[in-house]
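Here is a short report on one protein chain. It moves from single residues to the chain as a whole.

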Amino acid sequence: MNPAQRCPLCGQGNACALAEGAADIQACWCFAARIDPAALERLTPEQRDQACLCPACAGVRDASERGEQD
Ligand SMILES: [Zn+2]
């Protein structure tokens, strides 16, 4: 798996559409989701540049069913 497709907090797939090669950012769950600011606080600046959070670590529950496929 591409490192950009892993959540920097838990190491699970983050289901980021862009990391998976999608051209349309609106295809990503994070476009519509509200990311928990506390989750972002846990990332170092380096980690923020590396990869997206997964829905679980981002504090999003509604989008998780879209991201479970592996
Ligand atoms: Zn995670």
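## Ala-15

Ala-15 sits in the segment before helix H1, which spans 29-32. The model is predicted, and the phi of Ala-15 comes out near 60 degrees. That is a positive value in a residue other than glycine. Most residues other than glycine have a negative phi.

Is Ala-15 buried or exposed? Ala-15 has 22 other C-beta atoms within 10 Å, so this residue is buried. The cut-off for that class is 20 or more.

## Cys-28

Cys-28 also belongs to the segment before H1. Its C-beta has 21 others within 10 Å, and therefore Cys-28 is buried.

Which residues does Cys-28 touch, leaving out those up to four places away in sequence? They are Cys-16, Ala-17, Leu-18 and Ala-22. For Cys-16, the C-alpha to C-alpha distance from Cys-28 is 5.6 Å. The two cysteines are 12 residues apart in sequence.

## Phe-31

Phe-31 is part of helix H1. It counts as exposed because its C-beta neighbours inside 10 Å number 11. The exposed class takes in residues with 12 or fewer.

Beyond its neighbours within four places in sequence, Phe-31 is in contact with Ile-25 and Gln-26.

## Thr-44

Where does Thr-44 lie? Thr-44 is in the loop between H2 and helix H3, the latter covering 45-50. With 9 other C-beta atoms within 10 Å, Thr-44 is exposed.

Thr-44 can also be placed relative to Pro-8. These residues are 36 apart along the chain. Their C-alpha atoms are separated by 9.6 Å.

## The chain as a whole

How many helices and strands does the protein chain have? It has 4 helices and 0 strands. Along the sequence the pattern reads α-α-α-α.

The protein chain has 70 residues, and 21% of them are buried. Ala-15 is one of the buried residues, and so is Cys-28.

## Confidence

The average pLDDT of the protein chain is 82. A score of at least 70 is reached by 84% of the residues.

Where is confidence lowest, and where is it highest? The lowest is in helix H4, residues 64-67, with a mean of 52. The highest is in helix H2, residues 37-41, at 90.

Methods
Residues are numbered from 1 along each chain as its sequence is written. This is a predicted model: local features need pLDDT of at least 70, side-chain atom pairs count only at pLDDT 80 or more; totals for chains, interfaces and linings use all residues. Helices (H or I, at least four residues) and strands (E, at least two) are DSSP runs, numbered from the N terminus. Two residues are in contact if their C-beta atoms, placed from the backbone, lie within 7 Å. pLDDT is the predictor's confidence in each residue, from 0 to 100.
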